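Please find below a colleague's note on the structure shown here. It is set out as numbered points, each of which can be checked against the coordinates.

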Amino acid sequence: MGTYAVVTVAEGNRAGLETVYGIARSEAGRVEALLNPFAEDNELARLNAGAGATWVSVSGDTLAVLGESLRYAEASGGAFDPTVGPLVRLWGIHLSEPPPKVPDAERIAEALRQTGYRHIRLREGEAFLAQPGMRVDPGGIAKGYAVDLCYERMLRSGARNFMVNIGGNLRVHGLPRPGKTGRNRAAPRPWTVGVRNPFVPGGIVGTFRLDTGMAVATSGHYERFVHIEGRRFAHILDPRTGIPVEGMAGVTVASTNATQCDALSTALFVLGVEEALPALEAVDGSRALLIPDRQPLELHLSPGLEDIFEPLPEFADAVRHLAPGRGRQRSPAHF
Ligand code: ADP
Ligand code: MG
C-alpha cells in the first residue's frame, strides 16, 4: 500500500506484542497481496485485465472492498469513485516518474470514458468491470479496510487497549493507559490524535479524542502529489472533471468504521466545504473536519464534531460550522 503501519498496545495485555504484530502483518499483508495495483498477477490485476470482457472470481475481501466502495460512491454522488484507475494513470499519480506534460483535454476525456463506478458489477464470488479499459484503484479505501480487519482480529485474539494505524488511517480500542484509571479520581485519559496543520510541517491544528472503537482518517494535499511542468497536483482526482482536486488542503473524518473514514475523507476532499454535508448525512455517524487550501487557515466542523475535536487555542477563531441554511454560525467561544 506504499505506506507504513504502526500498532500501539497498552501495557498488560493478554495478547502479547508478538501476537498483535503477527495479526497486523498478516491482515494488512493479505489486503496488500489481493489489491496492490502494481502486482502483475493478483485479484486486482485479473479484475482489471478482464474489463469489458469477463467476470472474474474474487475473494470475500476483494468483494467486500468493492461493495463498500460502491456504497460510498453512491453516498457521495460519485465524488468517491474506485474506477479512477485510468485517470490516476494518466496523471502519473502512483508513478515514480510523472508525465512530462499536463494531460490535454482529449486524453482526459478518453480516461473519463473508461471511468464510472456504475459499470462495476458484483455477484457471489465474482466481479466484472463492464467497460473496456476500466481500472479499479482501491487506493482511497483499502487502507481503512485493512485497519478494520486488523482491529477486529486483534479484539478476537484478546487484545485490549490498542491503536492500529495504517498510513494515517487509524482505529483505537480502550484507553492508552488503562492501569492509571481512577487512582486520583481523574477521568481516564482517552486516546488522542493530532490533526496535522497542512501549512506547517510538523504542526497540528488540534486533537481528536477517541472513544473505544472509533476510527479516523485524513486525506491531505501535503501527503502525496505530483509535479508536472512545475505545477503541483493533488493525488485525489475529481471523477466529474478528470482533473486533480484543487482548493482543499486536508479532510479528516471520524466514525466507528475505518473503511468509512478512509472512503469519506477522499470523497469530502473532492466535494469541498460547500458540498460536504449532504454526503456526510447520507452515511450514518460520520463527522468531519475540512481545511480549505487558502489563508488564513479555516477549520470547518461538521455538526457534532466539536464533541470530539478540540482546536489548538490559537486556532479557536478559525473554527466554522458546516451548516447550510442555519444562517447563524455558532460562536467559537464555545471552545
Ligand atoms: P492516501 O492514500 O494518501 O491515504 P486517500 O485515502 O485520500 O489518501 O486516497 C487517495 C488515493 O485514492 C489516490 O492515491 C488514488 O489511488 C485514489 N483516488 C484518487 N481520487 C479518488 C477518488 N475521487 N475516488 C476514489 N479514489 C480516489
Ligand atoms: Mg481515503
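The points below take up the ligand site and then a number of individual residues.

1. Basis of the note. This is a predicted model, in which local features need pLDDT of at least 70 and side-chain atom pairs count only at pLDDT 80 or more, while totals for chains, interfaces and linings use all residues. Residues are numbered from 1 along each chain as its sequence is written, chains are lettered from A and ligands numbered from 1 in the order in which they are written, and side-chain values use heavy atoms, with hydrogens and water left out.

2. Helices (H or I, at least four residues) and strands (E, at least two) are DSSP runs, numbered from the N terminus.

3. An N or O atom in the side chain of Lys143 is 2.8 Å from an oxygen atom of ligand 1. For Thr266, too, a side-chain N or O atom is 2.8 Å from an oxygen atom of the ligand. Leu237 takes part through its backbone, where an N or O atom lies 2.8 Å from a nitrogen atom of ligand 1. Of the 570 Å² of accessible area that ligand 1 has on its own, the protein covers 99%; accessible areas come from the Shrake-Rupley method with a 1.4 Å probe.

4. The pocket. The space taken by ligand 1 is the largest pocket. On a 1 Å grid over the protein atoms alone, a pocket is an open set of points where a 1.4 Å probe fits, with protein on both sides within 12 Å along at least five of seven lines. A molecule sits in a pocket if more than half of its atoms lie within 2 Å of its grid points.

5. The loop between β15 and β16. Glu298 is placed in the loop between β15 (287–292) and β16 (299–301). Glu298 counts as buried because its relative accessibility is 14%, where buried means under 20% relative accessible area, exposed over 50%, and partly exposed in between (1.4 Å probe, protein chains only). Its side chain makes polar contacts with the side chain of Arg294 at 2.8 Å and with that of His300 at 2.7 Å. A polar contact is a pair of N or O atoms within 3.5 Å; within protein, one must be able to donate a hydrogen and the other to accept it, and residues adjacent in sequence count only if both atoms are side-chain atoms. Pro296 is also found in this loop, and a cis peptide bond joins Gln295 and Pro296, with omega about -5°.

6. Ser302 lies in the loop between β16 and β17 (309–311) and is buried, with a relative accessible area of 1%. The side chain of Ser302 reaches the backbone nitrogen of Ala288 at 2.9 Å. Gln260 is in helix α7 and counts as buried at 5% relative accessibility.

7. Positive phi angles. Which phi does Asn161 have? Asn161 is not a glycine, yet its phi is positive, at about 60°. Asn161 is in the loop between α6 (142–156) and β5 (162–166) and is buried at 15% relative accessible area. Glu229, in the loop between β10 (225–228) and β11 (231–234), likewise has a positive phi, near 50°.

8. Two buried strand residues. Ile120 is found in strand β3, residues 120–123, and is buried, with a relative accessible area of 7%. Leu170 lies in strand β6, residues 169–173, and counts as buried at 8% relative accessibility.

Methods
1 Å grid on protein atoms, 1.4 Å probe; cavity = no way out; pocket = protein on both sides within 12 Å on 5 of 7 lines; lining within 4 Å.
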